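Hi there,

Here is the structure I promised to pass on. Have a look at it first, and then read my notes below.

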Amino acid sequence: MDKKVTIKDLEVKKGKVDVEFIEVDGKQIILTHIPYGNIDHYVTHTNCRSCKVEFKKNFNYSHTCESCLDKSNREKYLKKPVVTAPYDGIIYDEYTDKYFTCIEEVIEHYEEDEISLDNAMLLTTVSSSYASIDIEQISQDVVHEDWDPSDELLEKIEEFNKFLETESTGTVFPTDERIDISQYLSDLKGDK
């Protein structure tokens, strides 16, 4: 088992390090690389910045306990604009960090993993698309400054850009719109 270490357990001492340096215009320029040591790397337990209660750190940079972090994330989530279910797009769940194709899939996942649906933090998603090609992008630094592209080249680029508009990257990203499923769940219970 790992030993519990708090910042109080570590004594900060003063010391001297010999370094090589040069002088330029009367200023000393240190040449010796001095590794930076971060005390957070050695502390296993610390007091939460929010609630001040001591907790075991999951990461070196942890300064907030899981409970306060969850509370903060939930508060941020609840401030997002609301879309009412049913929602037809891909759904991202911030709580489980998973994507779902429909609300029924979300419900099934929460039931299988025995998680309360009250924890769900569902967000709408947006599909990404390919960026269009611009003549400036493909000719920058390869043609002289008074070069003009041919009409045929411009037509082919326009044709290719239209093709890109029809292609999907198959990638979605969460938006800042949260999905309210409370009425949807209420309607489901009423159907049973």
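A salt bridge here is a side-chain nitrogen of Lys or Arg within 4 Å of a carboxyl oxygen of Asp or Glu. With that in hand, take Lys162 and Glu158: their closest N and O atoms are 3.5 Å apart, so by that cut-off the two form a salt bridge. Both residues are in helix H4, four residues apart, which means that about one helical turn separates them. Glu158 is partly exposed, at 45% relative accessible area. Before I go on, please keep in mind that this is a predicted model.

How many salt bridges does the count come to? By this rule, the count is five. Another one brings together the side chains of Glu54 and Lys4, at 2.5 Å from N to O. Glu54 belongs to strand E4 (residues 54-56) while Lys4 is in the segment before E1, so this pair ties together parts that are 50 residues apart in sequence. Both ends are partly exposed: Glu54 has a relative accessibility of 38%, and Lys4 has 44%.

Then there is Lys80, whose side chain meets that of Glu94 in a salt bridge with an N to O distance of 3.9 Å. This pair also links distant parts of the chain, 14 residues apart: Lys80 is in the loop between helix H1 (66-78) and strand E5 (82-84), and Glu94 is in the loop between strand E6 (91-93) and strand E7 (98-100). Is Lys80 buried or exposed? At 17% relative accessibility, Lys80 counts as buried, whereas Glu94, at 31%, is partly exposed.

While we are on helix H4, look at Asn161, which is also placed there. Asn161 is buried, with a relative accessibility of 13%. If you leave aside its neighbours within four places in sequence, Asn161 is in contact with Ser132 and Ile133.

Now for the rings. The structure has three aromatic pairs. In one of them, Phe59 and Tyr61 are stacked, with 5.4 Å from centre to centre and 5 degrees between the planes. Phe59 is partly exposed at 47% relative accessibility, and Tyr61 counts as exposed at 60%. Phe160 and Phe163 make up another pair, this one tilted: the centres are 6.0 Å apart and the planes are at 35 degrees. These two phenylalanines are three residues apart in helix H4 (residues 151-166), so they are separated by about one helical turn. Phe160 is partly exposed at 38%, as is Phe163 at 42%.

One more ring to look at is that of Tyr77. What sits over the ring of Tyr77? The charged end of Arg178 does, 5.7 Å from the ring centre.

Last, the surface. Which residues form a nonpolar patch there? Val17, Phe21, Ile30 and Ile34 do, with about 380 Å² of accessible area together. Of these, Phe21 is placed in strand E1 (residues 21-24), and Phe21 is partly exposed, at 39% relative accessibility.

That's what I have for now. Happy browsing!

Terms used: Residues numbered from 1 in each chain as written. Predicted model: local features only at pLDDT ≥ 70, side-chain atom pairs only at ≥ 80, totals over all residues. Heavy atoms only, no water. Phe/Tyr/Trp six-rings, centres within 6.5 Å; stacked < 30°, edge-to-face > 60°. Buried < 20%, exposed > 50% of the residue type's maximum accessible area, 1.4 Å probe, protein only. Lys NZ or Arg CZ within 6 Å of the ring centre and 35° of its normal. Contact = heavy atoms within 4.5 Å. Patch = residues over 30% accessible without salt bridge, like charges linked within 9 Å, V, L, I, M, F, W, Y side chains within 5 Å. Areas by Shrake-Rupley, 256 points an atom, 1.4 Å probe, with all protein chains shown as cover.
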